[in-house]
Amino acid sequence: MIRGLWDRETVALMVLAAMLPLAAMWLQVEGVDAAFKLVFFLVFAGIWHLLFMLVRAQPPSFAGAVTALAIAILAPEELGVVHLLLGVSFGVVMAELVFGGWGRNVLNPATVTLAFLGFGFPAAPWPDLIAQIGWAAIPAALIGLLTGVFAGRVMVGALAVFGIAHLMGVDLSGVYPAIAVVFVLLVLDPVTSAATRTGRLLYGALFAALVVLFLIEWHGAAPIQISAAAALLASLAAPLLDEIAIASWLAQRRRHLG
Amino acid sequence: MNDLASLFLRAAFVENMPLTLFLGLCTFLALSRRTGTAVGLGIAVTLVLGATAALNQAIYHFILAPGAWTWAGMPELDLSYLKLIAFIGVIAASVQLIEMVLDRYFPVIYSAFGVFLPLLTVHCAILAGSLFTVERNYDVTESFVFGLGGGAGFAIAVIMLAGIRQRLAYADLPAGLRGLGITFVLAGMMSLGFSAFAQMVVA
């Protein structure tokens, strides 16, 4: 092995492993239908990965399975096959594959798919996640944390802001499962989250702040739609947060060293 | 006070100039290659937009609006057809003025802005800011806040895009999408993200 153990696919497998408790709980709750949906999205995302491998010699990645899982859990079910396929194609191709595949992308393909569906079909019936699936997000986050693919600072930043919001009287109880699942599936994605220490804290805090803002001001939106929009905006701002962190670090060093 | 704050936020996020109204896209796309230049452009746009929106609103209200000359015994006089020409003139003049003041008293900032200040003369978001204030009957304070908010929204958008574009150094794009192509795609995705703000109810 020339590259050592820690190449891109190891990380992708670790992320996938972290998702297992969540996926297992979801399959148990939703039953055979859910398994069907998951296979459908897996095959479809796989076809796009295969196509890009043939045309651009881009190695396919296990991360496609994470995308498929996220879309299967979070996408509105009764939207119709054509609309779903359109959304998934847009997300997988325009947000991930044209950038050169997983690891080089700026935005999470599942996030873009959900934002696209939410924007394009506002009346879509978003799935209602029950509390058990929300609780399953905790072991998922812990596994990711232990294997080192999820950043603890993102969790700290988000939890701090959610804690402050809770103390100020924002009611999070009904929307908790959607936020937790979106947080684990989309926000903690190691590729599209911020990469510096301060940047990660800010990134988690920004996601949580946007969710709270949308909960208060955006009336009539489903919890998943709110969380996905916040995840998209947070990952759009992630490179900027990294730049801010690096700039402040440089300024600090300049002050210390003269 | 609260009204002005919500007007500022509305102008910055709900009616974001490049991402919701698609105004000022030329500088938005052309000058977002590095965060340094994007910050310079953002500050320049905020300053000029705030200043000219208030100034143009005052000029419209006291000189051009129908009935503005009632005190001089000419209540029928309606000069509002001159508004476009007047606004463009005012924008060009104030840009020139700001440039000269900076050149004389803050040469460091002047050289940092470089080409952006003269460019703002023909920046459509800045003209649009003035036209919006007239269309919506803002008073001078509201126009100033609206201008600052619109400029801040533009600054946030262009700096965010610059951050993303710097990270594209790691991407392996198809030849046809390199440069401006992927920037359009990214701007579209940012617009998708900002559409969430547009659906909020800001009183």
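A: A quick definition to begin with: a salt bridge here is a side-chain nitrogen of Lys or Arg within 4 Å of a carboxyl oxygen of Asp or Glu. Keep in mind that this is a predicted model. Across the interface of chain B and chain A, that rule picks out 1 salt bridge. It pairs Arg56(A) with Asp172(B), with 3.5 Å between the closest N and O atoms. As for polar contacts, 6 residue pairs are counted between chain B and chain A, both partners being at pLDDT 80 or more.

Which parts of chain B do the touching? Helix H8 (140-167) and helix H9 (180-198) of chain B each bring at least two residues to the side that touches chain A. H9(B) gives the most, with 11 residues. Sorted by type, the residues on that side of chain B come to 20 nonpolar, 6 polar and 2 charged.

Now for the contact as a whole. Chain B puts in 28 residues and chain A 32 residues. Between them the two chains bury about 2,700 Å², and 73% of that is on carbon and sulfur atoms. On the chain B side, Arg167(B), Met189(B) and Leu192(B) lose the most area to chain A, together making up 25% of what that side buries.

And the partner, chain A? Its secondary structure is 10 helices and 0 strands. Its radius of gyration is 18 Å, close to the 18 Å that the globule rule gives for 258 residues, so chain A is as compact as a globular protein of that length. Of those 258 residues, 52% count as buried.

Notes
Residues are numbered from 1 along each chain as its sequence is written. Chains are lettered from A and ligands numbered from 1 in the order in which they are written. This is a predicted model: local features need pLDDT of at least 70, side-chain atom pairs count only at pLDDT 80 or more; totals for chains, interfaces and linings use all residues. Side-chain values use heavy atoms; hydrogens and water are left out. Contact means heavy atoms within 4.5 Å. Buried area is the accessible area (1.4 Å probe) that two parts lose on being put together, summed over both. A polar contact is a pair of N or O atoms within 3.5 Å; within protein, one must be able to donate a hydrogen and the other to accept it, and residues adjacent in sequence count only if both atoms are side-chain atoms. Helices (H or I, at least four residues) and strands (E, at least two) are DSSP runs, numbered from the N terminus. Ala, Val, Leu, Ile, Met, Phe, Trp, Tyr, Cys and Pro count as nonpolar, Asp, Glu, Lys and Arg as charged, and the others, Gly among them, as polar. The radius of gyration is taken over C-alpha atoms; the globule rule is 2.2 Å times the number of residues to the power 0.38. Buried means under 20% relative accessible area, exposed over 50%, partly exposed in between (1.4 Å probe, protein chains only).
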